[in-house]
Amino acid sequence: DHRAMSPSERRVRRRLADRLNDEASSVVANAHHDVERANQLNGNVLETIFGFLPLNHDVIRLRHVCSDWEDSLKQACIPSEFEVFSLYEFMLMETMTTALPNLQHLTMYSIADGYGLGYMNGDNPDERGRTYRRTYDIGIISNFQKLRSLAIMGVDLNGEYPAIFNFPLLEKLVLHRDERDEPNYHKWDLELLAGLPMLREFECFFNQSMTGNLSSLRVLKDTIEKVEIDKCHQVVGNFMDLADFPHLKVLNLNSTSVTGDIRDIGANDFTALTKLTLPRTVYGGSRYEFQSIAEVPVFMRQMYPLAKRFSLNLFWRLSNASPDWYDDTNEVDQISPPFVCELITLRGTRIGWRWRCNFPDEDLIHPDGPSLYSSVVDPFGPLEFSNLNSSCEINWLEPEPDRESSDYEDYTFQLGYAQREINFYKGCYNPPTEDEYNQLLNVNDQDEDFGDY
């Protein structure tokens, strides 16, 4: 009640009210000034600024500042990668389909399927597929028509999803499942890659529902640089259909049903290739089975020009049906006959090949072995006899580098590392006969030192 206040109290109250009014006016004026400054940023400047911002919820909220900012966000091409690995990111991606439709890089993982959440089935789903308590439409990614890269990792898809293969600017597509995951019912054919005319890199692992012929990739002849189709057994065709691709650098067709003959590769084929992996259904492909030991030296001499040109990620074995084959005695810790064959490349300084007991452990593969200055690996340390690290002597396809050359030190380092595995079969350049093998076993029982054999 003003009538109960003293004159001094009323003066204090008026001064306080005037100060609050002045501060409120200042806040309003500053707000108008900030809006005016925001409006002064033209679209090109805003798009550039937005392009450097991380993709998160705060960026999406910027569209509420003013209409110009909202329009600029829609036009901005943000180079950052957006990852969807939970329902929260999926819901944020839904908003981005309209707020940031020019997203360029997207990676999608499973959205917490442990809680009964998953993606909707596509067309023509398999009745053996999983069911979810609540599903979400992965097809909304079709709104991102300026995608440059798309990776779908470990996602349970069931049926056909044509939206995945309709991006005119896409340069990289990765479709990965882990072999430990449930069966992959994502149904699609290689012909769908025609909807990705700018594709440069393509990877697809562990999909038994994928079909197609390698010849379908010919529509990508002028752009494709990397093709990795691994553990996709319904993919067929002849790998030589890609031989004239001018930019193809990496070709991995492991565990497909592709056919052909590696010896057909000529000097003018696969001119840009640096790494090649072929399935056993190709003559000379990885884990291809030779019918005799005598067949191998001739084959390896044919492989020499290819090994000089690019990395051959290939291993071979002797067929069980070969007349040269024999069984071991299946005793515990017994060294097996050396019926697996591999190429040896010592950092490009020397190429050869040898027989070994088993397909090599990844940690013991020496063609691209440890650094010359590795402080962890002892390149000359002995290896205990085992089926993983016992091999025959190396059959060299070219002479030793000159001792005065700059590569010689590197060569001797890698040679020492490779020779660690020449132990039980020291002195043998080809698998021993069955009688010779049994003699080796008898010697091994009598004397643990086989260095002089």
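Modeller: The largest cavity has a volume of about 80 Å³. A cavity is a set of points on a 1 Å grid over the protein atoms alone where a 1.4 Å probe fits but cannot get out, and its volume is the space filled by probe spheres set on points joined across faces, edges and corners. With a cut-off of 30 Å³ or more, the count is 2 cavities. The model is predicted, so local features need pLDDT of at least 70 and side-chain atom pairs pLDDT 80 or more, while totals for chains, interfaces and linings use all residues. Numbering starts from 1 along each chain as its sequence is written, and side-chain values use heavy atoms, without hydrogens and water.

The lining (residues with an atom within 4 Å of a point) consists of I152, V155, L157, L175, H176, R177, N184, H186, C204, F205 and N207. These divide into 6 nonpolar, 4 polar and 1 charged. Ala, Val, Leu, Ile, Met, Phe, Trp, Tyr, Cys and Pro count as nonpolar, Asp, Glu, Lys and Arg as charged, and the others, Gly among them, as polar. On that basis R177 is the charged residue of the lining, while I152, V155, L157, L175, C204 and F205 are the nonpolar ones. H176, N184, H186 and N207 are polar. Two strands, β7 (172-176) and β10 (201-205), each supply at least two residues of this lining. Strands (E, at least two residues) and helices (H or I, at least four) are DSSP runs, numbered from the N terminus.

Next, the cores. The largest nonpolar core has 94 residues, and L106, L173, L193 and F202 have the most contacts inside it. Helix α6 (residues 295-309) gives the most to this core, with 6 residues. Such a core is a set of buried Ala, Val, Leu, Ile, Met, Phe, Trp, Tyr and Cys residues joined through side-chain atoms within 4.5 Å. Buried means under 20% relative accessible area, exposed over 50%, and partly exposed in between (1.4 Å probe, protein chains only). L106 is in contact (heavy atoms within 4.5 Å) with F82, V84, M93, I141, F144, L147, S149, L150 and A151, leaving aside its neighbours within four places in sequence. A second, separate core of 8 residues includes I344, Y408, L415 and A418.

Over the whole chain, there are 8 helices and 23 strands, and 45% of the 453 residues count as buried. Of the contacts with a separation of 6 or more, 65% join residues 24 or more positions apart.

Two loop residues illustrate such separations. A194 lies in the loop between β9 (188-189) and β10, and is partly exposed at 44% relative accessibility. Its C-alpha is 6.3 Å from that of V219, 25 residues away in sequence. L242 lies in the loop between β13 (235-236) and β14 (250-252), but is buried, at 0% relative accessibility. The C-alpha atoms of L242 and F270, 28 residues apart along the chain, are separated by 7.6 Å. Leaving aside neighbours within four places, L242 is in contact with L214, L217, L248, L251 and F270.

Finally, backbone angles. Most residues other than glycine have a negative phi. N124, in the loop between β3 (117-119) and β4 (134-136), has a positive phi near 55°. R287, in the loop between β17 (282-283) and β18 (288-290), has a positive phi near 70°. N124 is partly exposed at 48% relative accessible area, and R287 is partly exposed at 41%.

Methods
On a 1 Å grid over the protein atoms alone, a cavity is a set of points where a 1.4 Å probe fits but cannot get out, and a pocket is an open set with protein on both sides within 12 Å along at least five of seven lines; lining residues have an atom within 4 Å of a point.
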